[in-house]
Amino acid sequence: MNNFLYEKKYIVVLIFLLCISFTLIILSIRSRDRLVKIEQTVLFLASPILRVSDVPKEWTNTIWKNYLDLQDYKKENIKIKKELYELQDIQKSFLELKSEIRRLHKLLKLKEEKEYEYHSGKVIGKEKNILLTTVIIDKGAVDKIKKNMVVINSQGLVGHIYHSNLITSSVLLITDPRSPVHVKVQRTRTQGIFSMINETKGIVEFVSKDSDILPGDLLITSGLGGIFPPGIRVGYVIETKIDSSFKKLVVEPAVNFNKLEEIKIMEEMKRN
Amino acid sequence: MTITFSLITIIFSILFHNTVGDLLAFFFGGKLDTFLIVAIFFTLSNEKYTSLIYGFILGILKDVLSGGTLGINALSKTLSVFAIGKIQSGYAKKDFLSIFILCSIFSILDKLITTLFFYFAMPLNSITNVFLLETISSTIQNAILGPVLISLLFKCQTKFVQSKKEINYPIR
């Protein structure tokens, strides 16, 4: 008898639960808005658990993302290694060439290439003119800074020491029209005189008309003129113009003079 | 089995569903139905009457968490639990193979109920190949991981919960 009642109760509960399920389904299909409160209540009760479960989910996502990044890094690493080996080869041949040049210089009794010591400094003052011509740096005579020493930064040629005080110095930038730089195009070795025409553009004049110069060509100091040593980056050619018997090159300077902060002062090393 | 253990198991099922379930779904397409597995466990370890209610609660939880039609999983889980209860009364084996078969059959049954319901309620929605593949993947996951999870839950139950059927010896 008890078993019969239990079975009856069991069937009643089943029918009751099925009825609720059907009602929920019908309400869910016809008018979902009425069930929002039920959903919200269940979600409110389950929210702490969901928040906890989000933590390992986030971890998994991060691990997976890192794994994918790692795959990219792996490919990039292989590429960089390849480039590094190529550069190492170039460096070896460069060093050999350098020593060969030195030997030849000795044989020909030519003056050897100058070597430089570098002093790091910071720009502490700027003179605000239409053309930013001079900046003040935090190195002076105390730090063995002398007039006409060359100032560079990681991007290229900045200028030269115009005046040296005890603890500070003034640097005449190459943006100053009074400070032209003798330059050459690295690829073609064509020479010319560089000067700035505004804050962002410079011009190279007296370039031979038949020279094959293309936009994007790198300009470096030629070493002529006495102040700037050869091989320092000055800018990139952005346009070429033909002007009577010469070519004019419009140049974008390598150095961003509006964001000038750290600099290096080149001191010529004395040989024994 | 105490209510506390049941609650912990339900919390565990939500956690598992949202973490490992999501991860498996990412790799294999179909999602492991932890709620069904826990419902089977409740049916095997509880009275038929109690397990019906647990099955219904788990179904509602799945409905709310999945954001689908409310009540559809409650219906399928209640029916599944009822069917397992009927089978269990005549066939009470709890070994790995039996649970494997139970999980496989009831995964298919669960999917069949929901699919048939959608098919009749919304005939415009046709059954796609992606849906079929996800169903197969989900069934396989349930069949393989179901027995593992259920046996783990049984072990936890025997370790932490004192059985009601324990014989109380008289105090001498």
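How many bridges join β6(A) to strand β9 (residues 218-221) of chain A? The answer is three, and these two strands run antiparallel. The legends below start from that pairing.

A few words on conventions: this is a predicted model, in which local features need pLDDT of at least 70, side-chain atom pairs count only at pLDDT 80 or more, and totals for chains, interfaces and linings use all residues. Residues are numbered from 1 along each chain as its sequence is written, while chains are lettered from A and ligands numbered from 1 in the order in which they are written.

**View 1. Strand β6 of chain A and its two partners.** Five of its five residues are buried, a label given if 20 or more other C-beta atoms lie within 10 Å of a residue's own, with exposed meaning 12 or fewer, partly exposed anything in between, and C-beta atoms placed from the backbone. In a regular strand the side chains alternate between the two faces of the sheet. Here Val181(A), Val183(A) and Val185(A) point one way, and His182(A) and Lys184(A) point the other way. On the β9(A) side, Lys184(A) stands opposite Ile220(A), and Val185(A) stands opposite Leu219(A). On the β7(A) side (residues 191-196), four bridges make an antiparallel pair with β6(A), and His182(A) faces Ile193(A). Strands count as paired if DSSP finds at least two bridges between them.

**View 2. The turn between β6 and β7 of chain A.** These two strands form a hairpin with five residues between them. Look for Arg189(A) in this loop, where its phi is positive, about 65 degrees, although the residue is not a glycine. Most residues other than glycine have a negative phi. Is Arg189(A) buried or exposed? Arg189(A) is exposed, with 10 other C-beta atoms within 10 Å.

**View 3. Asn148 of chain A in its loop.** Asn148(A) sits between β2 (134-137) and β3 (150-152) of chain A. Its phi is positive too, at about 75 degrees, and Asn148(A) is not a glycine. With 12 other C-beta atoms within 10 Å, Asn148(A) is exposed.

**View 4. Two closed barrels in chain A.** One barrel of six strands runs β6-β7-β8-β11-β10-β9, with antiparallel pairing. Its twist averages 40 degrees from one strand to the next. Another closed barrel of six strands runs β1-β2-β5-β4-β3-β12, also with antiparallel pairing. In that sheet, neighbouring strands are turned by 45 degrees against each other on average, direction ignored. Within it, β4 (residues 157-164) and β5 (residues 169-173) pair in the antiparallel sense over five bridges, and Ile161(A) has Val171(A) as its bridge partner.

**View 5. Helices α1 and α3 of chain B.** Chain B has seven helices and zero strands. Of its 172 residues, 40% count as buried. Helix α1(B) packs against α3(B) (residues 34-45) at an angle of about 155 degrees, with their axes 9 Å apart; axes are lines fitted to C-alpha atoms, for helices over the stretch in contact, and angles run from 0 to 180 degrees between N-to-C directions. The two helices are therefore roughly antiparallel to each other, the word used for angles over 145 degrees. The residues that meet include Ile10(B) and Phe16(B) in α1(B) and Phe35(B) and Val38(B) in α3(B). By class, this contact has four nonpolar, four polar and no charged residues. Nonpolar covers Ala, Val, Leu, Ile, Met, Phe, Trp, Tyr, Cys and Pro, charged covers Asp, Glu, Lys and Arg, and the others, Gly among them, are polar.

**View 6. Where chain B touches chain A.** The contact takes 24 residues from chain B and 24 residues from chain A, with two residues in contact if their C-beta atoms, placed from the backbone, lie within 7 Å. On the chain B side, α1 (3-18), α2 (20-28), α4 (48-66) and α5 (72-90) each supply at least two residues. The largest share, eight residues, comes from α4(B). The chain B side divides into 17 nonpolar, five polar and two charged residues.

Methods. Angles under 35 degrees count as roughly parallel, over 145 as roughly antiparallel, 65 to 115 as roughly perpendicular and the rest as oblique.
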